[in-house]
Amino acid sequence: MSRECATDFKRLKEYLIGYSISENIKQHEYASSLKKMHKCYFSAVTWNAELTHNKDIFFRLNSRCTNDIINRLSEAVSDLGSSLFNWSNGNYKASRVMLRISIENFVKGVSGIEESDQLTEKRVYKLFETSAKQTIFTSCSTVNKCYTNLHNDYKLLCEDAHTATLQNMAHLSSLADLPKFEKNKSLKASEVFIRTSKNITVIFNILFNSFYQQMHHRNKENIINCLSSEIKPFVVSPIKL
């Protein structure tokens with residue numbers, strides 16, 4: 001290790017020891033967006049916790065589902081958590097890229113119920129081309145609308161993954177640039193996070209509504225807490241697809 005590299009590594013350790021996002025939290029806009037995002041994320045974490053701890057009930061009610069399906073759905077929620085973490089530190093591009101991955105994993109998980117090959121489909125265009133025609137995404141108008149919203153946001157987020165324009169560049173010169181708070185980028189990233197989280201939660205709890213009905217009453221309340229008054233009835237009332 002060169003002298004310069006050793007010196008920089010020492011500074012890196014000092015930087016990490018003193019790392020804090022407390023200044024970000026003091027910003028009203030930051031705290032406001034964080035609260036809204038957490039509300040949606042908490043809903044997703046709640047249904048995923050039920051899914052993880054009550055697999056036997058889920059399988060009994062959804063005989064076509066497998067462990068691979070559950071793993072994909074859970075990974076989509078894990079990706080939401082990574083997105084939120086990156087957003088909280090001001091790494092907006094990474095946050096949006098993780099949202100893109102979350103959508104892809106979720107669509108693979110749900111689509112794989114009808115066609116197992118979808119679980120390992122590497123061609124993204126084929127994944128969405130096939131899933132858009134599946135009964136599981138088209139039989140219910142509310143689910144179909146949420147699916148369309150997810151697909152539209154996925155295409156938007158692809159611009160970040162492929163750095164389509166200057167606006168999609170992070171311009172992170174070094175780790176010392178983090179944490180940071182940029183009002184406009186923060187707001188745009190939070191909006192797509194909220195939309196994605198809500199659409200995923202709506203689709204899961206409508207498609208697997210019989211499982212939702214079996215959940216603990218407090219968890220059921222926490223899941224619908226992020227949903228609009230127009231959408232809540234579709235989840236709260238038993239639905240036959």
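I started with Phe193, which is found in helix H10, residues 183-207. A reminder to myself before going on: this is a predicted model.

**Entry 1, Phe193.** Is Phe193 buried or exposed? I looked up its relative accessibility and got 0%, so Phe193 counts as buried. Next I wanted its surroundings. Leaving aside neighbours within four places in sequence, I found Phe193 in contact with Met37, Tyr41, Leu80, Ser83, Leu84 and Leu99. I also checked Phe193 against Tyr154: the two are 39 residues apart in sequence, and their C-alpha atoms are 11 Å apart in space.

I stepped back to count elements. The secondary structure comes to 13 helices and zero strands. Reading from the N terminus on, I get α-α-α-α-α-α-α-α-α-α-α-α-α.

I then looked at burial and surface. Of the 241 residues, 42% are buried. The protein exposes about 12800 Å², and 53% of that is supplied by carbon and sulfur atoms. For contacts with a separation of 6 or more, I noted that 70% are between residues 24 or more positions apart.

I read a relative accessible area of 8% for Thr142; the cut-off for buried is under 20%, so Thr142 is buried. What does Thr142 touch beyond its neighbours within four places in sequence? My list has Val202, Ile206, Ile231 and Phe234. I followed up on one of these, Ile231: it is 89 residues from Thr142 along the chain, yet their C-alpha atoms are separated by 8.2 Å.

I went looking for Glu121 and found it in the loop between helix H6 (92-111) and helix H7 (124-131). Is this glutamate buried or exposed? Its relative accessible area is 12%, so I put Glu121 down as buried. With neighbours within four places in sequence left aside, Glu121 is in contact with Lys108, Lys126 and Leu127.

Thr130 sits in helix H7. Its relative accessibility is 16%, so Thr130 counts as buried too. Not counting residues up to four places away in sequence, I see Thr130 touching Glu115 and Gln118.

I finished with a helix pair. Two packed helices are described by the angle between their axes and the distance between the axes. For helix H3 (residues 28-53) and helix H12 (residues 217-224), I noted axes that come within 7 Å and cross at roughly 145°. I also checked the hand of the H3 and H12 crossing, and it is left-handed.

Which residues meet there? From H3 I wrote down Phe42, Ser43, Thr46, Trp47 and Glu50, and from H12 Asn219, Asn222 and Ile223. Sorted by kind, the residues of this contact divide into three nonpolar, four polar and one charged.

Conventions:
Residues numbered from 1 in each chain as written. Predicted model: local features only at pLDDT ≥ 70, side-chain atom pairs only at ≥ 80, totals over all residues. Heavy atoms only, no water. Axes fitted to C-alpha atoms, helices over the stretch in contact; angles between N-to-C directions. Helix = DSSP H or I, 4+ residues; strand = E, 2+ residues; numbered from the N terminus. Left-handed = near helix turned anticlockwise from the far one by under 90°. Contact = heavy atoms within 4.5 Å. Nonpolar A, V, L, I, M, F, W, Y, C, P; charged D, E, K, R; others polar. Buried < 20%, exposed > 50% of the residue type's maximum accessible area, 1.4 Å probe, protein only. Areas by Shrake-Rupley, 256 points an atom, 1.4 Å probe, with all protein chains shown as cover.
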